[in-house]
Amino acid sequence: MDASKLPGLTFFQWSRVNAPNPKLASPIDATDTTIIFTSAPQDEDGNVITGNFLFGVRNSDSYVETIYVPAGGMSVDGLTATGCVRGIDISGTDYNTGDAAFASSFDQDSPVFCNITAVWAMMVRDVLQGTGDIATGGLSLVLGDETDSTVTIKRAKNGAVEGFLRLNDSTGKVQYQNSPAGTWVDFDSVTASNLVEVSATDTTPGYLEDKITVTSGSGATVTKTTTGGGGDEKVNIDVALNVGTGGVVTHETYTPAFLTGGNAPETNVAIWDSVSDGAFQITIDGVARSITGLDFTAPVTSMAEVATVIQNGIRALTGSTETCTWSGTELVITSADTTASSAITVTTAGASGTDISGVAGGVQYMDCDAGSTAAVTNAVLDPTADSGKIALLNAAGNVDTDLLREVIDKDGYAAKGDIVVASAVNTPSILTVGSDDEVLIADSGEASGVKWGTTGTGKVAIMTAAVDVRSTTSETTILTTTVPANTLSTANVVNVFLYVSDFDLESGKNFGLRLKYGATTLFNMSITAPSAVSNYTGRIEMSLYADAATNAQRGVGLLQVANSTHLSASDGFMSYDSGTSAVDSTSAQTLTVSLQPNFSSAATGMTVFGGHVSFLR
């Protein structure tokens with residue numbers, strides 16, 4: 001190309017690089033970032049170029065790819081460039097894709113090195129000769145004047161200027177400007193500016209794929225993959241739960257049971273030094289252990305060493321890893337079992353040798369026996385082993401109750417029938433079970449909104465054994481029970497039903513039925529048979545009800561008997577009585593039904609074979 005046709009422009013031809021032009025020592029593929037030359041690239045003064053320069057590689061079809069070598073990227077001998085940034089074919093063809101013909105005919109002598117000015121010259125040449133992207137890209141060449149040797153390539157598309165490209169004479173770098181009023185930016189920084197920064201303080205731009213990191217844990221495996229391969233690339237994050245290690249069906253780890261000795265053990269190690277046959281017995285994890293032959297005459301010099309001798313004696317017998325430590329005030333023996341079966345007991349006297357379990361010969365020794373202040377701490381669930389895991393359903397498709405145990409222990413479930421109630425959000429408490437036959441009643445007056453009590457229709461008591469009353473003049477209790485507090489208020493009833501068999505009475509003989517509420521007799525119904533009766537059956541009905549006022553009660557009694565053969569009304573008789581009282585019904589009271597007989601012979605009397613007390617509310 002004739003440089004005189006371009007006033008003010010100095011061309012650096014291919015020959016500007018010292019001959020012979022360096023060639024590639026071996027072919028490169030589309031992604032190689034390490035490139036080896038047959039000779040060291042040199043500048044126009046004959047100096048080996050150490051980096052921060054551009055060169056072009058031309059294939060057999062004259063397609064040129066621009067490659068950037070960063071500062072310090074060249075080896076000392078100038079033959080190896082590392083960390084190269086691969087570019088594109090200046091003529092607009094994607095060098096990286098290539099074609100089968102190029103791949104098969106590649107000759108290592110064909111790629112040619114050229115410096116930055118040679119690449120620039122090629123770009124200008126392509127524009128002037130019309131081989132550049134002029135028609136579709138709107139490339140045009142802007143020349144400087146006599147005093148300005150800058151050559152600028154302007155790209156316009158659809159009538160709008162998109163950017164400018166120029167060679168900076170002072171730095172030798174290609175620069176980019178995105179608008180006429182924009183700032184010129186070195187082209188080697190444009191690539192970095194198009195990468196990702198995590199935040200405003202991120203000083204190292206990078207690729208999104210590298211900026212996103214994933215970490216797998218015990219609960220899940222996290223993987224990152226990039227798909228698209230140069231097209232519509234995507235970063236996929238996949239999370240897979242590690243069932244068995246990341247999930248838990250039932251807790252398996254417990255804190256081991258341990259024995260904390262009393263607070264008055266022998267701490268004079270000189271006394272321990274005199275014991276060569278120490279012995280004690282203890283049950284660990286359900287197995288009785290007899291530890292003997294403990295020798296402290298080494299001698300021991302501290303209570304920590306005393307604990308070590310005891311620990312070694314236990315382990316020698318169990319073959320496990322139980323521990324015995326000195327807390328500073330007590331000896332602590334711990335089971336090695338970390339399951340729910342972990343257990344331990346206080347110590348007892350040794351089978352032989354010097355007993356060190358407690359007091360022996362006036363010496364307190366371990367102070368771990370039942371006569372000391374020693375305390376056993378049972379194994380408890382250790383949820384920390386399953387921290388962060390997901391609760392899995394058990395084989396029955398339910399959450400295992402063991403997983404709820406920590407909540408149960410924490411909130412204080414302790415007795416049969418305990419239930420959880422709440423007085424406010426996140427304020428649970430335990431409501432202990434009520435008395436027999438009580439039900440749970442909603443009550444806004446209670447802090448928890450509920451209470452145990454009696455309501456509706458229900459039984460108070462049922463007779464469980466027959467009562468036979470014959471040939472006696474003494475008062476006999478037939479039935480007694482407790483009427484719950486507040487059962488009677490202003491319109492409620494307690495009913496008593498008794499069933500009589502073998503009713504035999506001499507003519508003119510009488511007996512009485514007494515109904516007592518608390519210590520007060522409501523009525524005493526006196527009954528006299530109109531004639532001798534034999535083999536009669538009957539029933540006794542009594543009612544205790546509120547007489548339209550609090551603590552005002554009325555009692556009503558009815559006896560009805562008939563001949564058991566044909567139950568004719570003419571063969572029977574009835575009796576009725578009633579009475580009133582004032583008893584505190586807001587408190588529980590005892591209700592008693594008794595018989596006051598006047599039975600003078602063995603053939604006279606009755607059998608109450610059944611009955612019950614019920615109430616209406």
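Predicted model: local features only at pLDDT ≥ 70, side-chain atom pairs only at ≥ 80, totals over all residues.
Local features were taken only where pLDDT is at least 70 and side-chain atom pairs only at pLDDT 80 or more, while totals for chains, interfaces and linings use all residues. Residues are numbered from 1 along each chain as its sequence is written, and side-chain values use heavy atoms, with hydrogens and water left out.

The protein contains 8 helices and 39 strands, assigned as DSSP runs (helices H or I, at least four residues; strands E, at least two) and numbered from the N terminus. Of its 617 residues, 35% count as buried; buried means under 20% relative accessible area, exposed over 50%, and partly exposed in between (1.4 Å probe, protein chains only). The accessible surface is about 31700 Å², and carbon and sulfur atoms hold 52% of this area. Areas were computed by the Shrake-Rupley method with a 1.4 Å probe, and for residues only the protein chains shown count as cover. Among contacts (heavy atoms within 4.5 Å) with a separation of 6 or more, 58% join residues 24 or more positions apart.

A nonpolar core is defined as a set of buried Ala, Val, Leu, Ile, Met, Phe, Trp, Tyr and Cys residues joined through side-chain atoms within 4.5 Å. The largest such core has 38 residues, and Leu-498, Phe-503 and Phe-511 have the most contacts inside it. Strand 32 gives the most to this core, with 6 residues. Apart from this core lies another of 28 residues, including Phe-280, Phe-296, Val-306 and Met-366. When neighbours within four places in sequence are left aside, the contacts of Leu-498 include Met-463, Ile-478, Leu-479, Ile-540, Val-593 and Val-608.

Helix 7 (residues 303-318) has 16 residues and spans 23 Å from its first C-alpha to its last, close to the 22 Å expected at 1.5 Å a residue; the expected span is 1.5 Å times one less than the number of residues. Among the buried residues of helix 7 are Met-303, Val-306, Val-309, Ile-310 and Ile-314. The buried residues of this helix pack against helix 6 (269-273), strand 16 (278-284), strand 17 (287-294), strand 18 (323-326) and strand 19 (331-334). Gly-319, with a positive phi near 70 degrees, follows helix 7.

Side chains of opposite charge can pair when their charged atoms come close. A search of the whole structure finds 8 salt bridges, each a side-chain nitrogen of Lys or Arg within 4 Å of a carboxyl oxygen of Asp or Glu. Asp-468, Arg-470 and Asp-504 are linked in a network of salt bridges. Asp-504 is buried, at 13% relative accessible area, whereas Arg-470 is partly exposed at 25% and Asp-468 is partly exposed at 46%. Another salt bridge joins Lys-451 and Asp-443 (3.1 Å, N to O), and Lys-451 is partly exposed at 31% relative accessibility.

Val-214, Ile-237 and Val-239 make a nonpolar surface patch of about 240 Å². Patches consist of residues with over 30% relative accessible area and no salt bridge; like charges are joined within 9 Å and nonpolar side chains (Val, Leu, Ile, Met, Phe, Trp, Tyr) within 5 Å. Val-239 lies in strand 12 (residues 234-241) and is exposed, with 58% relative accessible area.
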